[in-house]
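Hello,

Here is the structure we talked about. Please load it and follow along with the notes below.

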Amino acid sequence: PAPSPRGVGFGQAFGLTLSSAFFATVPPYVGDLAANELRACGAEISATTPLGLHFTGSMAVALRVCMWSRLCNRLLQPLAHGDVYDDHDLYALIAAQAWNNFLLPGDSLRLRVHPSSVGPLSHGHFVALRCKDAIVDTLRSQTGSRPDIDLKDPDLTVDVHLKDCHGGHSHAQISLQICRQSLHRRGFRPAGFAAPLKENVAAAMLMRSGWPCATPTPLWDPMCGSGTLLIEAAMMQLERAPGLQQVAPHWQRNHATSLAELRQEAAARQGAAQADWPVDGPPLLVGSDLDPYAVRIAEQAIQRAELNDFISVKVADVRQLSPPPAAALGHLICNPPYGERLGVPQAAQELYAELGAVLRQQFAGWTAHVLVHDLEHGFALRLRAQRQHRLRNGALETTLLHLHVPATTPTAQAGDPLAQELRARLQKNWQQRRRWAQRQGLGCFRLYDRDLPQVAVAVDLYRDAEKNSGPLWAVVQEYRAPAQIPVARAAARLRLLLHCLPEICDGLLPAHIILKTRERQRDGGQYGGRGSDAPRLMVAESPHRFWVNLGDYLDVGLFLDQRLVRRWICEMAAGARVLNLFCYTASASVAAAHGGARSTLSVDLSATYLRWAADNFALASLPSADHRLEQADVPTFLRDCRQSFDLIVLDPPTYSNSKRLGDDFDLQADHRALVDAAMRCLNLTGTLIFSHHARRLNLDPEILQRYDVVERSDAAVPLDFSRQGSATHRCFFIRHPGRRPPRRSPTESA
């Protein structure tokens with residue numbers, strides 16, 4: 001058959017000498033590690049794609065990659081490519097290749113087909129049959145014989161990848177697979193056993209964690225399962241080539257001399273590394289698991305890999321673990337079960353909390369590297385991650401947390417005067433404020449707000465209004481420590497507080513503590529998404545109900561320090577037309593509506609927070625016709641506004657450089673123009689409540705001259721934010737000169 005006019009055959013272009021271009025497929029998020037591997041084998045990286053790496057080099061380089069790569073899935077050599085519109089075009093493209101150069105009489109063949117997603121080539125079985133027919137018919141015409149089909153261990157594997165293109169056709173890439181099977185298969189697993197962690201993902205975890213170490217170091221996997229991480233760690237430390245038997249028979253036959261040299265080199269490297277490994281004493285690589293069946297599988301795999309002298313596994317509960325007495329420092333790495341594998345999500349939370357407790361109590365000074373599917377599981381460890389890397393384990397998106405277990409644990413600090421003072425302060429606040437919150441009808445309040453200068457942390461407690469007897473949730477916000485305080489000391493004090501909270505607050509589980517870091521945001525980051533799976537709760541602020549999201553954003557959707565301002569708005573809003581600027585989640589508008597406002601208009605640029613505001617209004621069962629939400633830039637809205645309002649709430653951010661704005665917003669420079677624009681929309685007897693969190697900002701003198709201004713910052717501080725009497729935000733009542741409202745609220749008069 002004639003070659004496809006749209007196809008290009010690499011085999012034809014270079015005669016009997018195949019191209020020196022190769023393609024290695026790799027798991028997601030490890031492309032940088034795989035590139036380092038390929039370069040170490042002598043490859044030159046030419047391009048990277050989401051699926052893998054293109055590189056150039058001799059066939060010896062490709063065989064070295066096949067033998068030594070711990071991360072790649074498959075190694076392919078492109079043969080031909082071209083646009084195809086139907087199975088006839090695909091048949092012609094494949095039949096145009098010189099298959100007699102690759103398959104001899106009696107050889108076996110396997111096809112790996114990736115069909116297109118739509119169109120005539122979307123059925124994988126049909127595409128595989130047409131590709132097989134093209135190769136078989138071509139060989140029969142060239143040699144008079146046809147190859148056998150072997151799905152397990154063929155002489156040659158042909159990879160056909162069809163990529164969708166605009167116009168309804170596909171682009172076909174025909175490649176030859178150099179490896180026997182996927183390179184992640186090392187050959188030591190018992191037949192028929194499918195482990196939850198692939199070997200190349202385990203290798204990526206170890207590489208990200210800094211393994212192998214320069215000197216022999218203890219490594220412990222407390223939830224080893226079938227022993228994948230332990231075996232991979234031993235092979236890396238002993239420099240065993242993972243793909244020693246992975247080269248497909250066709251390439252073994254044609255490059256026997258090169259393979260023999262590579263195997264000799266691999267044996268020499270392994271012998272030198274093994275000579276440096278200590279043989280006296282117990283094995284340095286230790287694993288344990290609660291499941292006896294998993295431990296038996298691990299023992300079989302270790303024996304098949306001939307690593308009995310280097311790895312020890314046992315049946316043990318993670319809560320009963322302790323490191324070897326002589327191992328002051330070491331390397332702990334594990335892939336704990338997720339909620340899906342345990343069957344009960346809460347069981348996963350408890351498991352991670354127990355693991356964190358064991359690390360803090362028994363493995364002080366070690367480095368720990370834990371793979372988590374849900375970042376909330378990472379919070380349950382109660383150890384601060386120094387770094388983290390994304391990995392994909394099968395179909396699951398996971399995160400590898402790199403933790404340093406402090407040499408001094410909170411338990412060891414129990415006799416520290418600071419620990420005693422902190423515990424006493426938390427106990428006092430808990431006893432006083434929980435009773436006060438119950439009397440006030442509050443489902444959320446601040447427990448601790450940098451009460452001790454040495455522990456710069458804020459702790460807010462939340463309870464779901466629908467589950468008043470349910471567990472507490474805590475959001476712990478760590479403030480950046482002053483430059484003169486060492487980072488390690490600040491981290492130790494934070495761990496001390498995290499250790500005390502569950503002991504003092506009844507109903508607070510370690511897994512229900514969410515840790516955040518609060519520092520100066522210069523990029524609008526305070527409202528940016530964080531991608532957590534933390535819960536969304538309905539909290540009470542009598543008589544209101546609001547939705548809060550504890551983990552997805554730095555702020556949870558409700559500013560607790562403005563609780564009294566919302567109360568004032570509720571009391572002043574009866575019969576008023578209310579405008580809420582920079583409304584965020586519209587909690588002030590909901591308060592005004594509860595107070596009997598004739599109408600409310602809430603303006604914000606964020607569609608996300610306006611949807612949140614709509615949920616708050618729906619929670620309050622308020623008619624949407626009287627309470628509108630508008631997505632707009634506030635300065636632009638005020639410039640074009642032709643309406644008049646009786647009460648305006650202005651609560652701007654301190655700084656914003658939203659991409660939807662033409663210019664950055666800086667409250668220091670822009671607050672006078674903003675107040676003037678808002679006052680133009682305020683009727684003559686109305687009130688503008690100007691509230692902000694820039695505590696060092698003083699009002700422009702022009703504002704003080706033009707309007708009647710009363711500062712109510714001190715009166716706006718709730719009891720749970722009254723640390724040392726300092727106001728957490730500034731609050732001003734601004735009115736037109738010589739005008740007073742027709743009536744004053746009781747709270748304002750007081």
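A polar contact here is a pair of N or O atoms within 3.5 Å, where one must be able to donate a hydrogen and the other to accept it. Bear in mind that this is a predicted model.

Start with Asp720. Asp720 sits in the loop between β30 (708–711) and β31 (730–735). Asp720 is buried, because its relative accessible area is 1%. A polar atom of its side chain lies 2.9 Å from the backbone nitrogen of Arg446. The Asp720 side chain also makes a polar contact with the side chain of Arg563, at 3.0 Å. Setting aside residues up to four places away in sequence, Asp720 touches Arg433, Trp436, Phe445, Arg446 and Arg563.

Arg563 leads on to helix α16, which covers residues 563–572. This helix is largely enclosed by the rest of the structure, because 8 of its 10 residues are buried. Those buried residues are Arg563, Leu564, Val565, Arg566, Trp568, Ile569, Cys570 and Met572.

Next, Arg112. This residue lies in strand β6 (residues 108–114). Its side chain makes a polar contact with the side chain of Asp159, at 2.8 Å. Leaving out neighbours within four places in sequence, Arg112 is in contact with Arg74, Thr157, Val158, Asp159, Val160 and Gln177.

Now a helix pair. How do α3 and α9 lie relative to each other? Helix α3 (residues 59–68) packs against helix α9 (residues 256–275) at an angle of about 40 degrees. Their axes are 10 Å apart. The two are therefore oblique to each other. Their crossing is right-handed. On the α3 side, the contact is made by Ala60, Leu63, Arg64, Met67 and Trp68. On the α9 side, Ser258, Leu259, Leu262, Arg263, Glu265, Ala266 and Arg269 take part.

Last, the cysteines. How many disulfides does a search of the whole structure find? The search finds 0. Cys72 is in no disulfide, and the nearest cysteine sulfur, that of Cys41, is 8.5 Å away. A disulfide needs the two sulfur atoms within 2.5 Å. Cys72 is buried, with a relative accessible area of 1%. Cys500 also counts as buried, because its relative accessibility is 0%.

Best wishes

Terms used
Residues numbered from 1 in each chain as written. Predicted model: local features only at pLDDT ≥ 70, side-chain atom pairs only at ≥ 80, totals over all residues. Heavy atoms only, no water. Helix = DSSP H or I, 4+ residues; strand = E, 2+ residues; numbered from the N terminus. Contact = heavy atoms within 4.5 Å. Buried < 20%, exposed > 50% of the residue type's maximum accessible area, 1.4 Å probe, protein only. Axes fitted to C-alpha atoms, helices over the stretch in contact; angles between N-to-C directions. Parallel < 35°, antiparallel > 145°, perpendicular 65-115°, else oblique. Left-handed = near helix turned anticlockwise from the far one by under 90°.
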